[in-house]
Each structure stands twice: as C-alpha cells, then as structure tokens.
Amino acid sequence: MREAPVLRVALGVRDLAGVRFAISPLWEVVASVRALRSPESFPAHQLWRDQVAPRLAGVDWRLLADLVPVPTVVIPGFVCPPPAALPELETELTALVATPPDLVRAGLAELPPTRSPRLAALHDDPTTGLAHLASVIDDYAAVAIAPYWPRMRTLLEREIMVAAGRMAADGLRGLLDGIDRHVSWDDGTLRVDHLTRAGAVDLGGRGLVLVPSVFAGARVWSNLTERPAQPLLRYPAGAVGTLWERSVAPPSTALARVLGRTRAVLLHELAVPASTTELARRRGLSAGTVSHHLTALRDAGLVGTHRAGRFLLYARTGSGEALVDGAGPG
C-alpha cells in the first residue's frame, strides 16, 4: 500500500505568532459539492443530501461542479481565497471576483483535462467568468448552505473554542499536534499527511490560518506552498453528522413558558430547515396556525426564511440557536 504524501512545514517565530482561526462559508459551499457528487465518500452527510438534492433540481450549478472534479485531487486555489476571521459569503465572493486572470488560468491548469465549455469560457475571459461563477455559487448556496448556515456556524465556532481551550491548556504544541490525525507537530515542524503534495516548505513568516470545516471529509486540505497566498489548513470538524438530525428530545419547558408551547415546539423543530407544510404535518397543526407562529418567530429574529427552488424554508437564526441552547434540555 502506497504511503500518503507528506508535507513538512517549518514554522518560525513569526509564523507561530500569526496562527489564527477562521470560518469560510465559501469553502463549505465548494466542498459540499463533493458530498453531492460522491455520496459514498460522505456518509455523515446523507440526511443533508436527501434534503438538498431535490431542491437543487432547478439550479444550474454545472460550472461549480466542473471546478470540483470527482474524485477530487485538487480544487483550484482561486475558488476559495483565504478567508478573514468570520466573513460573510458575500465578502468572500467579492474577493473571488477580484482574482487576477493569470491566477485563474493557473488554477484551471491544475484540473484534470476536460472538454467542459464552461471552464473554457472561464479560461478565455476570466473577468466575465468569475462574475458568472459568483452568481452560480450564490444560487447554489441559497439552496444547499444558507438554510443550514446558522447551525453550521455554531458548530464551527464551538470547534474553534475547543481548539482554543486545548491551546490554553497545552500551548501551541498541543493545538497543532491535536488538530487532526493527519497533522502532527515535532521539533518546530508541522507534518501534514497530504493528498497530493510532498516535500518541505517554509512559510517565511506569513503565519498560518486554521479553518475547521463541515464538508472537509476525512482529510485535511491545505494551501501551504503557493506564494504569496496566505498559508492555510482546512481540517474536518467533529460531530458533523448531528447537524442534519432532528432532535427527538422535547423542547425546553422553560422556553415554552416564555414563548408559548407551540412556538417553542416549532423553534425546536427548526434545528433542520423545513417548510410550513412539513411542520404542520409533523405537529398535527393547520398550515395557517404554523404560518402565524412562524411569522411571530421571524419578526422576533429567531427564525429566517430561505428560498430553495419552489420551496420556502424556515430555519433558526443565530439568535434562535443561542436561545434554544441557552434554555437547556426539555
């Protein structure tokens, strides 16, 4: 059995001082394509795939799929620019659209040979092609990621908090050595069991961005060798399978006393995005009653709406997530 390629990354004092965390909604959009196109490799996302695939029937996301070949050996770097700490998708798409044409063409050259007319058009006119790609990503994300993003972001932020706690207890060595089973720290060198790259690299004081990911899969993804890009390491977050599951526990009685039982139940149900009709069927309520209570929850900023093709989905917002978490178990 052939051993995986190994990257040995020298981290100097300035690099260690520049270690930081980030979350990237754009990366999650792009990486999620692999879970749709190669379901056998992503069993933890089966429930998400079952919900999302029918809703994507009316979305043309072929250009995005062309940029994420299956099996995925490489994703062009320009598709996922290094993120700020907690960027919005719109901010990352602005950076994507501003990518210089030569970097677009260099990234496309890394992909396996293809007859895709969409990639050919992107190569020939990167400026127009990137604007189109941003529009495609936005349409795809509205269906596949946006309804789930508050829960995803909460999980990723918790992942960062756990890692920060490990660093507080064991220092940077403990953080880097424990971030993923494919990453280890030894005597000033970070060893990364990589999918495609091997050799030694010195970050040259550019620092290192650590990006936990819902859709990373079983391996780490990195951009450590391409200058002058910000070095980053994307690694799988834990417990991602729980994102797509409905809780079987009852809603908090304390929350029911504040919101009323029906609204507490509906907010509890919206751990996974759902339509008015689906919620009415689950809870044995009329669609009008559900709509009335959802409107009140939306006006309070606890749920949001997301258009997914012909479906209008409701999902908890970040404030809704925090309220449910803070209320405790039923």
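## The sheet with β7 and β8

Strand β7 and strand β8 (residues 232–236) pair in the antiparallel sense over three bridges. Strands here are DSSP runs of E with at least two residues, helices are runs of H or I with at least four residues, and both are numbered from the N terminus. Two strands count as paired if DSSP finds at least two bridges between them. The structure is a predicted model, in which local features need pLDDT of at least 70 and side-chain atom pairs count only at pLDDT 80 or more, while totals for chains, interfaces and linings use all residues. Residues are numbered from 1 along each chain as its sequence is written, and side-chain values use heavy atoms, with hydrogens and water left out.

Opposite Leu-232 of β8 stands Asn-223. The open sheet has four strands in the order β2-β6-β8-β7, and its pairing is mixed. Its edge strands, each pairing on one side only, are β2 (19–21) and β7 (221–223). From one strand to the next, the twist averages 20°.

## Helices on this sheet

Helix α2 packs on the sheet and touches β6 (208–213), β7 and β8. Contact means heavy atoms within 4.5 Å. The direction of α2 makes about 50° with that of β6. Axes are lines fitted to C-alpha atoms, for helices over the stretch in contact, and angles run from 0 to 180 degrees between N-to-C directions. Helix α9 (residues 149–177) also packs on the sheet, touching β2, β6 and β8, and its direction makes about 135° with that of β6.

## The sheet with β3 and β4

A further open sheet of four strands has the order β3-β4-β1-β5, with mixed pairing. Its edge strands are β3 and β5 (199–202), each of which pairs on one side only. Neighbouring strands of this sheet are turned by 25° against each other on average, direction ignored. Helix α9 lies across β3 and β4 and runs at about 145° to β3.

Strand β3 (residues 183–186) and strand β4 (residues 189–193) run antiparallel and are joined by four bridges. Trp-185 stands opposite Leu-190 in β4, and the bridge partner of Val-183 in β4 is Val-192. The hairpin of these strands has two residues between them, and Asp-187 takes a positive phi near 55°. In a regular strand the side chains alternate between the two faces of the sheet. Strand β3 has a covered face with Val-183 and Trp-185, and an uncovered face with Ser-184 and Asp-186.

## Two helix pairs

Helix α2 (residues 25–37) and helix α5 (residues 89–97) pack at an angle of about 80°, with their axes 8 Å apart. The angle therefore makes α2 roughly perpendicular to α5 (65 to 115 degrees; under 35 is roughly parallel, over 145 roughly antiparallel and the rest oblique). Pro-25, Leu-26 and Val-29 of α2 make the contact with Leu-89, Glu-92 and Leu-93 of α5.

Helix α11 (residues 261–269) and helix α12 (residues 276–283) pack at an angle of about 115°, with their axes 11 Å apart. Arg-261, Val-265, Leu-266 and Glu-269 in α11 meet Leu-279, Arg-282 and Arg-283 in α12.

## Thr-276

Thr-276 has its place in helix α12. This residue is buried, with a relative accessible area of 17% (buried means under 20%, exposed over 50% and partly exposed in between, with a 1.4 Å probe and protein chains only). Not counting residues up to four places away in sequence, Thr-276 touches Ala-287, Val-290, Ser-291, Leu-294 and Tyr-314.
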